[in-house]
Amino acid sequence: MKNSIWICGFLLLSIVFIEGLDNGLARTPQMGWNSWNKFKCNVNETLIKATIDTFVALKLNQFGYEYVNVDDCWAGYRDKDGNIHSDPKTFPSGMKMLADYAHSKGVKFGLYSDSGTFTCAGRPGTYGYEKNDANSYASWGIDYLKFDNCFYQKSPKQTYPVMMKALNATGRPILFSMCEWGVQDPASWAPSIGNSWRTTDDIQDNWNSMLLNIILSDSGAYAAGPGGWNDPDMLEVGNGGMNFNQYKAHFSLWCITKAPLIIGCDLTTISKETLTILTNKEAIAVNQDSLGVQGKIVYRNQEYLIWAGPLSGNSYALCVVSTMAMTTTDLYLDFQSLFGHNQFKIRDLWAHKDLGTFKGGYAVKGIPIRGCVFYKLTTV
């Protein structure tokens, strides 16, 4: 049995233009791959080179993906001058070799460090060595830095600006991805410091964790915009903890909320099903839309949530997610109360087809249990 629900009385969506860190990077949310979600500390240079090769073979750059990033556990030790070196067992050739290899393939390369004395896995942290590390990264050709907050000695509001200034002083454009887990309301202060800022604890590969993270990211929507983005953590799509419909919802939500799209699965064994999700050009276009406005939650109850947000070209994105419903759900969307317009052309971004032009509202049919529908609506 299906539930039929009439949705109206939404707050009209407004556009607020925000400018983030002015280092010329992340004018749209960054896209790439990171090692942590799948591999944790089980990383080495052979794996990373194979990932770079597969990244290129899959032609992910054609869909907007740019970076291959090594997360925690690459760092080995500091020398007597305070300079950081890679782990000689797992990365004996050093990180410059990997950066050069990535660049030779047309791929940008990123690393991880930490604002504290140690990384979360107990490797050397950057605290007190910000200038050393920034200079090393620049000399190696690093393009992206994820900066964590374990073993911190001072407030993130004190330590993150130090690293930002050290990176900028190198003269090399390095995307600065802040990861202080949302503990000090980063949306209120991070846009002038980082290109993205984590809004949550680490994501887990399950429905409840994914949904919690994206909900927590909603309150900071006002701060997102070209140059700086709310980050509900990396994608779990393809890691096996959710089903196909759930992963489609996961990807749709990251797209509509302008979250960084950082793949977290094993590219060398990726399934066609997973690749279909991660390379949905129409969903990615919503994420990379030039207007750069984060979609927000506009309606919620115990069975579903609705996100909506403006796009360029007099359009809107809308995502309806079934959260707790025990059956497929039908509902009616009232255009005037949601968007302030009465007539739209609707395109289904997963079916890749136009549904038609509708006046007054639209009846959504058969929203999957713990799944979603994802539409683009264009004013007529």
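Okay, quick definition before the sheet: two strands count as paired if DSSP finds at least two bridges between them. And keep in mind that this is a predicted model.

So, the sheet. Eight strands form an open sheet, and the order runs E10-E9-E8-E7-E6-E3-E2-E11, with parallel pairing. At the edges you've got strand E10, residues 229-231, and strand E11, residues 261-263, each pairing on one side only. If you ignore direction, neighbouring strands in this sheet are turned by 25° against each other on average.

Let's zoom in on one pair. Strand E2, residues 31-34, and strand E3, residues 67-69, pair in the parallel sense over three bridges. Look for Trp-33 there: it stands opposite Val-68 in E3.

Now over to helix H7, residues 244-256.

How many of the 13 residues in H7 are buried? Eleven of them, so to speak the helix is mostly covered. For burial the cut-off is under 20% relative accessible area.

Last bit, the two ends. At the start of H7, a side-chain oxygen of Asn-243 reaches to within 3.2 Å of the backbone nitrogen of Asn-245. After the helix comes Lys-258, and its phi is positive, near 60°. That's my tour, thanks.

Technical notes. Residues numbered from 1 in each chain as written. Predicted model: local features only at pLDDT ≥ 70, side-chain atom pairs only at ≥ 80, totals over all residues. Heavy atoms only, no water. Buried < 20%, exposed > 50% of the residue type's maximum accessible area, 1.4 Å probe, protein only. Helix = DSSP H or I, 4+ residues; strand = E, 2+ residues; numbered from the N terminus. Polar contact = N/O pair within 3.5 Å; in protein donor to acceptor, adjacent residues only side chain to side chain. Axes fitted to C-alpha atoms, helices over the stretch in contact; angles between N-to-C directions.
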